[in-house]
Structures are given as C-alpha cells and as structure tokens.
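Hi,

Here is the structure I promised to pass on. Have a look at it first, and then read on for my notes.

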Amino acid sequence: MAIERVGVVGAGLMGHGIAQVAAQSGYDVVVREIDQERLDKGMGRIEKGLARAVEKGRMQQTEADEVRSRISPTLDYGDLADCDLVIEAIDEDLGAKLQMWREVDNIVKDEAIFATNTSSLGVMDQAAATKRPDRFLGLHYFNPAQVMKLVEVARAVTTSDETFDTGVSFAESEKKLGVKTKDKAGFIVNRLLVPYMLDAIRAYEEGVGSIEEIDAAMKAGAGHPMGPLTLADFVGLDTMGSICDVMFDEFRERRFAQPPTLRKMLAAGWYGQKSGKGFYDYSGDEPVMNPQL
Ligand code: 3HC
C-alpha cells in the first residue's frame, strides 16, 4: 500500500529523529507523546535540528518551514487513526510496547502497517499483540536518525512479503539503506556493536586503559567516529542495559552480560549524555572523564 501519512509513537532520542526524517522525505507525520513536556522537548529538538540545517546551508528556510508544518504533535492516540504506517519508538520495555500496540491497534485503520524501532526485543512478540501480525515488522533506525544511513528492516515469521517490501521501499524513500534482517535479538548491528561496547567497559575495568585512552585508541586505531565509551554514553546506558538483558536472556552468553561497572552506573542513575553523566561528565563546556568512576 502507498504510505502517505506516518505516525511516530514517542518523541524521545529516536522518535524525534524518525519523525524529522519522515517529514523531510515528504510524509505527513503525527508524533504522539504521553505528556506535554516530553512532546515539547521532542518538537524542540526537531526545530533545533531544522534550524541547524538552515544555518549550515543544507536546507532553505522555506523548506525547513514546510518540513515543520508536515509534523503534527499530539497527546492523543486517536490522531493516528488515518496513518498508513505507525512506527513505535518508546522505551525498550516489552510490557509498555504491548500495551501501546493493543491500544493503537484498536484505533488505527486496519490496512495500516505497524513497525517497531526496537533495538533488541522480539518483533514477533509485539506483532502477536495486534490483529495484524502480517502487517507488522521491525524498522530499526540508528542514532542520530537524521544522519545515520542504515535502517534494519526486520521480518517476523508472520510478516507478509508485501509488508516486508513496503518496509524496504519506505526506508529507501527516506534515502536510507534498508538492510533486510531476521527477527533475532539485536538484529545485525547490535549483535556486533553491543558486545564491542561491553568489551570496552571490561577493558576499562581491567585497567587496560583509561576511559579517554580506550576511546582515543579506537578512534585513531580503527577509524571509528566515536570511541566505544563515548558511544555507550551517546546510545544511553539505560538503553544499553536493556539491550544486554534481552540479548543475555536470548543467547545466554557472557559477552552479552552487563559488566559490574554498567550495573553500578545504572543504579546511580547515570544514563550517559541524556542524564548529564555516564563515562563522561557533560555538565561543563566539554565532556570530561567522570571523576566518580
Ligand atoms: N541531528 C541532525 N544532524 C546531526 C545530528 C543530529 N542529532 N548530530 C550530528 N549531526 C550532523 C551535523 O550537523 C553535521 O552535519 P554537517 O557535516 O553537514 O555539518 C554532521 O552530522 C557531523 O556532526 P558533528 O560535526 O557535530 O559531529 P561529528 O562529526 O562528531 O559527527 C556523529 C557526529 C554523526 C554522531 C558521529 O560522531 C558518528 O557517526 N558517531 C557514531 C554514531 C553511531 O554509531 N550511531 C549508532 C549507535 S547504535 C544505535 O543507534 C542502535 C540502537 O539500537 C542502540
């Protein structure tokens, strides 16, 4: 089916970017959040991103205004009713996702496709909570969604060929690379990236290098744009913790287990950049290594 109107549930770190990319690609977008504060924050991020694009000469002001006008923020699931595609970008909490899908499934038109942006949870588990498991798939974006080229298009066992193809075409219509993958925890990228970041934490615990040394080494030695501990802070340590738990549960391998340092940081409420503290402290002009670690 032709996609014209896209619903995005969640306007957080990923949701606001997913909404912005869809609007920039010409889609009408409805973004739903649970409260006004979160909704305003997400819309503020989008507006800031558009202003930055204009400032850097990547977009004309008129185009930025058009993109913004295509996005309708809402607190009401009812506004998603006419969407052709609904992309979920809420917390990595299966219970919360299932509850959301059950509610949305009763509101959104029957022919619409549902997609989860989950990093690690089962696509099938979510599809089964709806009356449209054939029109359900994973569309996994990467942070920042406005910049990163990849969308993993994940197929549950019930996903129809038509839905899967629509997912790939949708990613391509956003000028993304849509890579097909199966409904396995972590898909392709997190299956490889998460154990890498966890190994960096273990290397730090073992004194192989300091936080800065580990990051600097991987940037200069492997050509990565960010070191692994900066990246962990950037992804969000809470998100990483949730992904670890799901992957450890699925594969039962030590490489997916949360290292003690990560556990302590999560208990302390240090979630990385988003909370102002993680492996680095972000309270000053420049991040500095967290002196409390
Ligand atoms: N929104 C829009 N544009 C952004 C942006 C954002 N949030 N962040 C950066 N950009 C743009 C900048 O405007 C700039 O564009 P320009 O070259 O046209 O001026 C360009 O990206 C580069 O940005 P900066 O100069 O500010 O900074 P960097 O060169 O350091 O790049 C980065 C920033 C793109 C984030 C880069 O460091 C990077 O690629 N890091 C790795 C990110 C990564 O690996 N992401 C995947 C994480 S895993 C994941 O998301 C999966 C999940 O399930 C866990």
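Predicted model: local features only at pLDDT ≥ 70, side-chain atom pairs only at ≥ 80, totals over all residues.

Along its principal axes, the C-alpha trace spans about 55 × 45 × 35 Å. Of the 293 residues, 49% count as buried. If you take the contacts with a separation of 6 or more, 66% of them are between residues 24 or more positions apart.

Next, have a look at helix α6, which runs over residues 161–173. Its 13 residues reach 18 Å from the first C-alpha to the last, close to the 18 Å expected at 1.5 Å a residue. Which residues of α6 are buried? They are Thr163, Phe164, Thr166, Gly167, Val168, Phe170 and Ala171. The cover over these buried residues includes strands from several parts of the chain: β1 (5–9), β4 (85–88), β5 (113–116), β6 (136–141), β7 (150–155) and β8 (177–182). Just after the helix, Lys175 takes a positive phi of about 60°.

One of those covering strands, β8, is also where you'll find Thr181. Is Thr181 buried or exposed? With a relative accessible area of 12%, Thr181 is buried, because buried means under 20%. Not counting residues up to four places away in sequence, Thr181 touches Glu152, Val153, Ala154, Arg155, Phe164, Phe187 and Ile188. Phe164 in that list is one of the buried residues of α6.

Last, a residue in another helix: Met218 lies in α8 (residues 211–222). Met218 is partly exposed, with a relative accessible area of 24%. Leaving aside neighbours within four places in sequence, Met218 is in contact with Tyr196, Gly223, His224 and Pro228. From Met218 to Met1 there are 217 residues in sequence and 44 Å in space, C-alpha to C-alpha.

Cheers

Methods. Residues numbered from 1 in each chain as written. Heavy atoms only, no water. Helix = DSSP H or I, 4+ residues; strand = E, 2+ residues; numbered from the N terminus. Expected span 1.5 Å × (residues − 1). Buried < 20%, exposed > 50% of the residue type's maximum accessible area, 1.4 Å probe, protein only. Contact = heavy atoms within 4.5 Å.
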